[in-house]
Amino acid sequence: MAAMAATTFMACGPSAPQLGKASLDEVIAAMTQEEKVHFVIGTGMEGFSGDSAVIGETKNIVPGAAGTTYPIPRLGIPAVVLADGPAGLRISATRENDEATYYCTHFPIGTLLASTWDTELVEHVGQAIGNEVLEYGADVLLAPALNTHRNPLCGRNFEYYSEDPVVSGEIAAAYVRGVQSNGVGTSIKHFAVNNQESNRMSNDAQVSQRALREIYLKGFEKVVTEANPWTVMSSYNYLNGIYTSENKELLTTLLRDEWGFKGMVMTDWFGGADAVAQMEAGNDMLQPGHDKQYNQIIDGLKTGKLDEAVLDRNVKRILEMILETPRFKGYQYSNKPDLKAHAEVTRRSATEGMVLLKNDKQALPLAEGVKKIALLGCTSYDFIAGGTGSGNVNRAYTVSLLEGLTNAGYVLDSELKAKYENYIAEVNRKREPAKDNISAFLPVPRPEEPAFSAEELKALATKSDVALITLGRTSGEFVDRTLADFNLTPAETKLLEDACRAFHAQGKKVVVVLNIGGVIETASWKHLPDAILLAWQAGQEGGNSVSDILSGKAAPSGKLPMTFPCRYADVPSATNFPAEGKADNLSLTDHGVKKSEVKDWDYTNYEEDIFVGYRYYDTYKKQVSYPFGYGLSYTTFAYASPTIAKDNDAYTLTVEVTNTGKHEGKEIVQLYVSAPRSKTLAKPEKELKAFAKTKLLKPGEKDVVTLKVDAADLASYDEAQHAWVVEAGTYQFKIGASSQDIKLSLNEDVAGQTKTVNDILKPQNSFKRLGNEK
């Protein structure tokens, strides 16, 4: 990497302007053209051969961090450190010739955080994550990730938040505020429409302007306008025929001109193909940096294809970011964040996002006399902290459910424990080791569930008070899930059926714990157990967090940020999503070159349009297993005394929520709005516009919840007018406990308004669109 290895040897005399003392224009004027080009690309990646590296790592400054910026010491410009990721800082836990460890806290996955519907809590988690970023010497955290849950099989849904842009935007904004309160930066990603891992570096997402504006960009807009992230990361994919990192309409016209973003844009690692086009588009920094990009930009400057003023503009944006960093400000990081305190943060926060899906006859919390537990399912003994790939965290430990229950004072069957541990060890022994760095980042298949005879289960039921069965799913970067992963395996189904039969025959209950990162099929088997707890992937303290819920030490208060369909075929994007689980094209030498036009691989048509998730199921009256916003509690709540008031162009609603049960609990109040029927636009039956979580309510205690909606948030995007349009008429403001459990409704007459925006990001090909049938 000759070009990338170039170093600045110019004299550092008293006349050289210094960053932070001289103006930015003076610093840029003092840079050579070669320095500028180096500066807008990263410093390369250790071991990168130019062919197949896609997860960043650098051994400079902070070992294991994703990358660094290019330093120019003579001008006082340091290298700053960029590090993954959403569930906690990802750096190397050990270092050469160093006996110390550098473990980071694995916090709950993004989907669990979204399931809390609690922006204050998420901000608190962000503060803890940001503290580790600061104290381990990183400057920008490459998070949060807030792509839409378009399809349940997306491999990285565990990093993302929701099928709804309001939930995604509000949760991500809270995360950004929390992290950046430490004086470190964030990079919101992947901008935009990065909704599948299959062929992610060459797939063309073909999306209508309306679906883009209303679904896939709205969450990002919320974060940009409400939380001021330092940076935005462009995605790998094409969007309507143009790479996002080369798309000026996306990165400049929309992001900067319409939304007012003032920060820096960087690529995802090795994203895009044309470095000159990226510079022109407003993609300021290319990471991690390699020779081809350097040469393309130098050639572009020589031929006049790239104006040096554009390069200077991008350099300036990077310098503005560097000025804010702890490294530039000389912060003396300790390498000793308070990991013990952060473990408590992850343990507590995880309980708030676990969703109680079923609880017949108060099976949970476990009764006081229940002590002996038959712990079934391989995942009970090998708990999943989070997903794989760049979203993983190098942590010191993961608390299994076995350990969590033991810590809580429950008695676990030792023979059963030995059977599972020996079985899992044997399965792992037979696995072939990863052949390369990429394989090491791919999800490892879960062990097949071992068989139990009827006699074995009868004996377990006889000597146990209750059965707990954990079902696990792992997913991650590079590959999407398969239909087989969405459904239960035959062995899992048999275990459920046989255990429920044996335990119920003796009048004992069965509880299922779902240790998963994405939606699975539940409709065919949810009638079997007495209770189902959706624990998601709760980070390194997962076993303790689940035990806190099961024992009643903590009460479940999470609700679903997505819909659980009855069948995969019911998903509106099912016919326009790759369900084979084929690995991403990992080559970096030929991505960007279209070799074929294979549906859902080379291109994906978003034919469901705006009807994503509950917008589809509720509008088209499709039965679901569990609706958006759904979640039970150990108590019950009553809604009463709704009010609505208009103040200028905003509507404020209040509702009184009372705990009518016998346990403490929190309720998540959701505000949906149904627009009047439109003559020109198909509209969802209802859309989420606001939400709030009550304080912890004791039995009989009340809380008045306030929900606010701007009139502009009632608008739909009209492509014919290229405008946001609020149609005049009577709107229904619906206060509910889920999208299908509306408690109260208020009508309000709303005046019409129109806001014209840029006519950009048009599809280059026509395709069918749900709701636009002629």
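The paragraphs below go through some helices, strands and contacts of this structure.

The model is predicted, so local features need pLDDT of at least 70 and side-chain atom pairs count only at pLDDT 80 or more, while totals for chains, interfaces and linings use all residues. Residues are numbered from 1 along each chain as its sequence is written, and side-chain values use heavy atoms, with hydrogens and water left out. Helices (H or I, at least four residues) and strands (E, at least two) are DSSP runs, numbered from the N terminus.

Ala 172 belongs to helix H5 and is buried, its relative accessible area being 0%. Here buried means under 20% relative accessible area, exposed means over 50%, and partly exposed lies in between, with a 1.4 Å probe and protein chains only. With neighbours within four places in sequence set aside, Ala 172 is in contact (heavy atoms within 4.5 Å) with Pro 144, Leu 146, Tyr 161 and Val 223. From Ala 172 to Gly 126 there are 46 residues in sequence, and 9.7 Å in space from C-alpha to C-alpha.

Helix H5 (residues 165–180) and helix H7 (residues 218–227) have axes that come within 8 Å and cross at roughly 35 degrees. Axes are lines fitted to C-alpha atoms, for helices over the stretch in contact, and angles run from 0 to 180 degrees between N-to-C directions. The crossing of H5 past H7 is right-handed; a crossing counts as right-handed if the near helix is turned clockwise from the far one by less than a right angle, and as left-handed if anticlockwise. On the H5 side the contact includes Ala 172, Ala 173 and Val 176, and on the H7 side it includes Lys 222, Val 223 and Glu 226. Sorted by class, this contact of H5 with H7 holds seven nonpolar, three polar and five charged residues. In this sorting Ala, Val, Leu, Ile, Met, Phe, Trp, Tyr, Cys and Pro count as nonpolar, Asp, Glu, Lys and Arg as charged, and the others, Gly among them, as polar.

Helix H18 (residues 454–463) and helix H20 (residues 490–505) pack at about 45 degrees, and their axes are 9 Å apart. H18 and H20 are therefore oblique to each other. Angles under 35 degrees count as roughly parallel, over 145 as roughly antiparallel, 65 to 115 as roughly perpendicular, and the rest as oblique. H18 passes H20 in a right-handed crossing. Leu 457, Lys 458, Leu 460 and Ala 461 of H18 meet Asp 498, Ala 499, Ala 502 and Phe 503 of H20. Six nonpolar, no polar and two charged residues make up the contact of H18 with H20.

Next come the strands, where two strands pair if DSSP finds at least two bridges between them. Strand E13 (residues 466–472) is mostly covered, with seven of its seven residues buried. In a regular strand the side chains alternate between the two faces of the sheet. Val 466, Leu 468, Thr 470 and Gly 472 are buried on one side of E13, and Ala 467, Ile 469 and Leu 471 are buried on the other. E13 pairs in the parallel sense with strand E11 (residues 372–376) over four bridges, and Ala 374 has Ala 467 of E13 as its bridge partner. E13 also pairs in the parallel sense with strand E14 (residues 509–515), over seven bridges, and there Gly 472 stands opposite Asn 515.

An open sheet of four strands, with mixed pairing, has the order E8-E7-E5-E17. Its edge strands are E8 (242–243) and E17 (603–605), each pairing on one side only. Strand E5 (residues 204–206) runs parallel to E17, joined by three bridges, and Asp 204 has Tyr 603 as its bridge partner.

Another open sheet has three strands in the order E24-E25-E28, with antiparallel pairing. Strands E24 (716–718) and E28 (753–756) stand at the edges with a single partner strand each, so one side of each is left without a neighbour in the sheet. The twist from one strand to the next averages 30 degrees. Strand E25 (residues 723–726) pairs with E28 over four bridges, with Ala 723 opposite Thr 756. Helix H6 lies across E24 and E25 and runs at about 160 degrees to E24. In H6 (residues 209–216), eight of its eight residues are buried.
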